[in-house]
Amino acid sequence: MHSVTAIVVAHDGARWLKETLDAVLRQSRPLDRVAGVDNGSRDGSGRLLTEAFGPSSVLSLPRSTGFGEAVHEVVRRLPRASGGQEWLWLLHDDCAPDAHALHALLRAADENPKAAILGPKLRDWLDRRVLLEIGVTVGRSGRRDTGLEPREYDQGQHDGVHGVLDVLSVSTAGMLIRRDVWEELAGLDPRFPLFRDDLDLCWRARVAGHRVLNVTAAVAWHAEAASRRRRRIAVSDDHPRRIDRRNALLVIMANLPFWALVRSVFRNITGSLLRTVLFVLAKQPANALDEIAALGSVLGHPGRLVQARRARKKGRKQGYAAVARLLTPSGATWRRLADMIQRYLAGEGPVDSAGRHHAMDTSSEEEGDELLTDSGLFQRMSSSPGVLLFLLLAGITVAAEWSLFAGGLLGGGALVPVTGGASDLWRLYIENHHSAGLGSDTWAPPYVAVLAALSTIFLGKTWLAVSVLLLGCVPLAGLSAYVATRRMISYTPARVWLAATYALLPVATGVVASGRVGTAVILVLIPVYAALATRVVAGSRRAAWGFGLLLAVGTAFAPLVYVVVAILGGLAAVSFAGVRRGVGLSLGIGLGTPIVLLFPWLAEIVREPRRILLEAGLADPALADPRLGAEALLMLNPGGPGTPPVWVTAGLVAVALGALLLRRHQTIVAIGWGVTLFGVLLAIVVGRLGEWPGVPLAFAATGLLVATALTAHRIAEFRAAGGLRRMGALLIVVVAFATPLAAAGLWILNGAGGPLRGDLPDPVPPLAAAWSPNGERTLLLRPEGGRLAYTILPGRALYIGESDLRSPAAETARVGTAVAGLASGRGGADVQTLAAQGIQFVTVPGPVDTALQRALDSEPALERVSLSPTGGLWRVAGTVTVPPPGSGGETLHRTWLWVQAALVALVLVLASPGARTAEQVEDYGDAPEPTRPSRRRSRNPEEQVPA
């Protein structure tokens, strides 16, 4: 025989309590006794309990009383049953059991004599098919795990063979527990007035040798009002999320054996810090504060933890094996962190669903739609036009640049031979004195830090990072253009055409041929600038910070990009500031961020305005076409190595001119053509100054492409109209696609076609590198077109960025005169001048010019080391003195580096995607709150009332 006492605890739960009480009193197995507890409800819950159970069976307690404390008070006053096994059935006010739930629980107890705690299967209160719990487990990090998928429907898939499941814990919502076990374990711990009290009780029951079962034949519907914030809690002033996390940590740390506790502490500190960072990046400061405050609350009160562990000392180590097999596998914690990071990157916010009280989702799919949705990564990628376009452009790039994958050093044109690793670039960026050239105390350009960060991502391999940026700029630019125009252009064929044409512009092929890493980065970023700019002019602060950060990256590689964007931004401010609220501030953030992040370097650029036209890498005048005609600029062709004939882009210009004839989209087309004309005019100025006009022409092409693609959906209308319009639509498509097809074909046919090579040898001969243990320098002489160029190497090849460093002008002039005298064979003190600057070797790449060879051999202070078709090497016979490094400005430089790092971190946080966690569901309708008098006076005298 069994004796069952149902204990219903209510706290402001009138909206659910009536149904709960009806369900309790309608049980097919009648209850022996009932008891109700009202914890200071203000919504009439106490009255409902009294009407259902009678005044003598209802206990009123203060509003701050917790669930466990309320049950303790009832059990303390409840006399023992006269005979049979006595059971306590604990119920929340928002938990309605099925009419046969108690019968199923007692039947399972009869079939499993060792079962001391049993719980029903819990379903959602609203959608009564959705599973909430079939027992709960927990990881060693305290994260709650139901083992269910989001919005998983109950179809009996978890019912088990005999309808019972061995679980670590069941909820107190519907928990059936033997009274003798309750008293043996001292019941629910009052330290947990809310959340995780059931986990702690069931854990202790497991350690004591009892079984905890979930009975799947018993069903109850639970609203989870407290955890979903559907009512206010009174047991604590803290947020429910913080209470839940704090109690989870305390349960884990109180019940684990010592060594498992040590590992858990380390795991929780690491995991909580990572989650806190993610919440901060997602701009969820409340979540971040709750996470870190919960950890501090447990670790900051060691006395409370020691007291809790002392109370659970008996059998904790011996009974842990029975609990350990039911815990969540240890790897699941890191999988959840990975899932949080994935959600964060997707812009959904780092929601840790497994740590919440149920696995709910807000998916809008109808029932059965999930069977039609393929979640396979390969199928999703293979069906995406953007991915297919990227793969096609990558194939074209490999076919055209096959000669650049020769296995040597990548370099030539504006790119120095790529050597070193991420650590070398970081050292170059943070050190105060540089050994490159004749030594330099100038600060390294900021693009070195960007390349160092990318090299770190690519496992420290700088050559791989540069190859991806430079050789892969065509497919990357295509993918960037396709993704960035997702919100601008809904017509997919137009986006594909825009991205393919943009990626294969003459600017792109010229970038690869000339080794221009700076313009390659700009080419990839321009579509992102355009996409973010549309949100900046709408007043988005987060987009403004992201735009400013990416503009700073582009400016570091090519300062001219800031000039272009600043002018266009000024025009946007004039156009939109009076129409859209907050545009001026957003534009100020976007344009001001690069100035703040790059301030000292930009100050140097302003002092030498000519440097605004330069970009990262070597400034070689031979890479620009001084005789670039007007027809080339109008056809968006910057000239120089690797650019196709002028007529290749004629199709693009033709369809853009045709867009001017459309009446319906004149404003859009006019704006696009305005950007194009501005870019062409700026390109004319840059070209006349003797520099390569690739950056302004890239902006000009972007305006033309966007204006044309935005009107491309009209082609579908023309095609549907039939007749001449249909033929016209076909002609427009053929002309439009002629540009990317011709560009791709000529690029593959002609190859890279520029000074960039992939088989360069190390410019420093091995003997010179081996015989320079103290930083002795090597003079590299390069005869070029009747003139002699030279580079001073610090016993190794230059790293990217070292070519931009400035040596003292006086020493540079003195060494230049000595090099000229050495090459002319005039003799004198030229070698001594070089030796005083630490130059020990002179090297000439092969084939060595005969006149230069005779001049070097005739110098008595030089001795030839080697001479072959690959090059010659001479050594200074006298004493070589390496000048000591300078020491000025080190404190200022280090201070700025720390400030810059802090500013970058701040901008990253402000620009990072964030999302609000959807925690509360308003389907129930909250209980009315007492109205508070407004402090604002009504303007209508009739509405004013006396205070």
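Guide: Before the strands themselves, one convention is needed: two strands pair if DSSP finds at least two bridges between them. Please also keep in mind that this is a predicted model.

Visitor: Which strands form the open sheet, and in what order?

Guide: The order is β16-β15-β17-β19-β18, five strands with mixed pairing. Because β16 (787-793) and β18 (862-868) each have a single partner strand, they stand at the edges, and one side of each is left without a neighbour in the sheet. Neighbouring strands are turned by 20° against each other on average, with direction ignored.

Visitor: Which strands does helix α33 touch?

Guide: Helix α33 (residues 809-824) packs on the sheet and touches β15, β16, β17 (839-845) and β18, its direction making about 125° with that of β16. Helix α35 (residues 850-857) lies across β15, β16, β17, β18 and β19 (871-876), and runs at about 145° to β18.

Visitor: Switching topic: is strand β2 largely enclosed or left open, and why?

Guide: Strand β2 (residues 33-39) is largely enclosed by the rest of the structure, because five of its seven residues are buried. It is joined to strand β1 (residues 2-10) by six bridges, and the two run parallel; in β2, Val34 is the bridge partner of Ala6.

Visitor: And helices on helices: at what angle do α14 and α18 pack?

Guide: Helix α14 (residues 385-400) and helix α18 (residues 473-484) pack at an angle of about 160°, with their axes 8 Å apart. That angle is over 145 degrees, so α14 is roughly antiparallel to α18. Their crossing is right-handed.

Visitor: Which residues meet there?

Guide: On the α14 side they include Leu389, Phe390 and Leu393, and on the α18 side Leu476, Leu479 and Tyr482 are among them. The residues of this contact divide into 10 nonpolar, three polar and no charged.

Visitor: Last one: is Val512 buried or exposed?

Guide: Val512, which lies in helix α20 (residues 506-514), has a relative accessible area of 1%, and therefore counts as buried. Leaving aside neighbours within four places in sequence, its contacts include Glu401, Leu470, Cys473 and Trp747. Val512 and Gly753 are 241 residues apart in sequence, yet 9.1 Å apart in space, C-alpha to C-alpha.

Methods. Residues are numbered from 1 along each chain as its sequence is written. This is a predicted model: local features need pLDDT of at least 70, side-chain atom pairs count only at pLDDT 80 or more; totals for chains, interfaces and linings use all residues. Side-chain values use heavy atoms; hydrogens and water are left out. Axes are lines fitted to C-alpha atoms, for helices over the stretch in contact, and angles run from 0 to 180 degrees between N-to-C directions. Helices (H or I, at least four residues) and strands (E, at least two) are DSSP runs, numbered from the N terminus. Angles under 35 degrees count as roughly parallel, over 145 as roughly antiparallel, 65 to 115 as roughly perpendicular and the rest as oblique. A crossing is left-handed if the near helix is turned anticlockwise from the far one by less than a right angle, and right-handed if clockwise. Contact means heavy atoms within 4.5 Å. Ala, Val, Leu, Ile, Met, Phe, Trp, Tyr, Cys and Pro count as nonpolar, Asp, Glu, Lys and Arg as charged, and the others, Gly among them, as polar. Buried means under 20% relative accessible area, exposed over 50%, partly exposed in between (1.4 Å probe, protein chains only).
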